[in-house]
Amino acid sequence: MLIPCFACESRFQPDEYFLACHDYNRGMDLVAWTCPRCGNRDDLRVLPGAIGFGYPRRGRFDVSDRFQVPGLRRQRQDLRLDISLDHEVWRVPTRLRQLI
C-alpha cells in the first residue's frame with residue numbers, strides 16, 4: 001500500500017509516511033506530517049482504518065477527506081500518539097511548548 005502526499009502526488013510506504021509524522025496535538029487530536037519529498041506540511045487525524053484530512057474550523061478539526069489504510073490503529077497516550085499497522089508501531093510525540 002502506498003500513501004499519497006496530496007501536494008506533490010508522491011506516494012510512500014507506510015513506514016516512510018509515518019516516520020514523517022513529527023508532532024501530536026492531543027487537544028485537537030492532530031498529527032503534523034511533513035512530506036519528505038516536497039516539504040509540504042499537513043495536519044491529519046489518524047482514524048481506525050484511515051487517515052483523515054481536513055481543516056481547523058471553529059476550534060476543532062473537520063475531516064473532509066479520508067484515505068483508507070486497512071488495519072491502521074491508534075492509541076492515545078499522555079504525551080504521544082502510537083500509530084500501528086500490522087506489527088509496526090510509530091510513536092508521535094507531543095511537542096511541549098515553553099511558556100514565557
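Look at the hairpin of β9 and β10 in this predicted model: two residues sit between the strands, and Asp-86 takes a positive phi near 55° there.

Strands of a sheet pair through backbone hydrogen bonds, either parallel or antiparallel. Here three strands line up as β8-β9-β10 in an open sheet, and the pairing is antiparallel. Because β8 (73-76) and β10 (88-93) stand at the edges with a single partner strand each, one side of each has no neighbour in the sheet. From one strand to the next, the twist averages 20°.

The edge strand β8 covers residues 73-76, and that stretch is a handy way over to another spot, Asp-29, which touches both Arg-74 and Arg-76. Where does Asp-29 sit? In the loop between β3 (21-25) and β4 (30-34). Is Asp-29 buried or exposed? Buried: its relative accessible area is 14%, and the cut-off for that label is under 20%. As for what surrounds it, leaving aside residues up to four places away in sequence, Asp-29 also touches Tyr-24, Leu-44 and Arg-45. With Arg-74 there's a specific link to pick out: the two side chains are joined by a polar contact of 3.0 Å.

Key
Residues numbered from 1 in each chain as written. Predicted model: local features only at pLDDT ≥ 70, side-chain atom pairs only at ≥ 80, totals over all residues. Heavy atoms only, no water. Helix = DSSP H or I, 4+ residues; strand = E, 2+ residues; numbered from the N terminus. Buried < 20%, exposed > 50% of the residue type's maximum accessible area, 1.4 Å probe, protein only. Polar contact = N/O pair within 3.5 Å; in protein donor to acceptor, adjacent residues only side chain to side chain. Contact = heavy atoms within 4.5 Å. Pairing = 2+ DSSP bridges. Axes fitted to C-alpha atoms, helices over the stretch in contact; angles between N-to-C directions.
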